[in-house]
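Take a look at the structure shown here.

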Amino acid sequence: MFGKYVLTLGLTVTAAAAFGGWFGSAASAAPAPRVAHPAVFNRTSASEAPQLGAAVNDVMLAKAGPRYVRTLLAHYRSITPEWEMEMSQLEPTRGHFTFGQADGIVAFARRHNMPVRGHTLVWDQMIPSWVLHGDWTRAQLENVLHTYITTVVSHYRGKVEEWDVVNEPLTTDGHMRQSIWERVIGPDYVALAFRWAHAADPNARLFLNEYGAEWNDPKEHALFQLVSGLESAGVPLGGVGFQAHLLLNAHPPQAELTGVLRQFAALGLRLEITELDVRAGGSAPLARRMAEEAAIYKTVAASCAAVRACARVTTWGISDAATWIGTANRPLPFDTHYQPKPAWYALRAGLTPRG
Ligand code: XIL
């Protein structure tokens, strides 16, 4: 597998070399039993459409009013808490866990029989200051992360069907991102996080989630090597999430994204588009920008629909009224008045499998 890219991407080979020794040691560890993941939502056939999910935050649930909830329940079938499950929100001070906000979203989802994607256990962002500014040995930080993952995943055992265990581990050129986890623990942090999460909830489907890997390029190649190595080492990885934060001038052709998804599907993993939105700001005529945005939504949805292992598309929010990248970017399928945009109709059309 590593030799596959030797002649194409020196940077990726660098990444492979970094992983090679690690996987060599990790591979010698007794492989975790292949877990039989629960059927949360599996596409039983390629003719079945991927499920549609949305990122939801407790502010919108509490204050956005009936149109928000009505739109969510009418069109979306799964929920990802937008920020409420980040480490800075759940363990703001060491040993003090604050689950209230996330519990509210999980309770809402369970009331409406909507599966929950837990997001995210280990990331380079939204790390509480007591972790970020600590002077940790490797063993001490492993203990911090082990305790955190075990506490959080145990708290939601049986209520959160999937976890984005490790989020955005790679840089654009395919190297390991120099997060505190990577710097102090080393690349082993990825496999350790998955093993700890699996030990806390053996039935949860565990994802590695990344952005900017929707193209056939060095980052995607490095992601494939990372994922392949984890699988070879018997790490309990159940899926890969492609965030798909796209722009009008930066989005993959449908054939390219479909090819990427097929490559990962061949590893036997569940795939999901986990954070779809399209920055559509700018000075060009609005109608043109909305049409271009719709075409991108259709491309992403159709790429997922074309690959049976791709079981869900989650948009990172519902309405332009509440988006992490600002309303002016008009990135989501519904407008600020919860009226469907061209992107909504295109998303629905793309999710309908062809043939
Ligand atoms: C963002 C949220 O939307 C913001 O509200 C929060 O302040 C920061 O995180 N990739 C991710 C998500 O994996 O966690 C990020 O969500 C968007 C980029």
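What follows covers the model, then a strand, then a helix.

## The model

This is a predicted model: local features need pLDDT of at least 70, side-chain atom pairs count only at pLDDT 80 or more, and totals for chains, interfaces and linings use all residues. Residues are numbered from 1 along each chain as its sequence is written, and side-chain values use heavy atoms, with hydrogens and water left out.

## Strand β8

Helices (H or I, at least four residues) and strands (E, at least two) are DSSP runs, numbered from the N terminus. Strand β8 spans residues 270-279. Nine of its 10 residues are buried, so the rest of the structure largely encloses β8. Buried means under 20% relative accessible area, exposed over 50%, and partly exposed in between (1.4 Å probe, protein chains only).

Strands pair if DSSP finds at least two bridges between them. β6 (residues 239-242) pairs with β8 in the parallel sense over four bridges. There, phenylalanine 242 has isoleucine 273 of β8 as its bridge partner. β7 (residues 245-247) is also parallel to β8, with three bridges. β9 (residues 310-315) runs parallel to β8 and is joined by four bridges. Glutamate 272 stands opposite arginine 312 in β9.

## Helix α5

Helix α5 covers residues 100-111. Its buried residues are Ala102, Ile105, Val106, Phe108 and Ala109. They lie on the same side of α5, because they cover an arc of only 155° around the axis. That arc is taken from the directions from the helix axis to the C-beta atoms. On the other side of α5, Gly100 and Arg111 are exposed. After α5 comes asparagine 113, with a positive phi near 55°.

Methods. Expected span 1.5 Å × (residues − 1).
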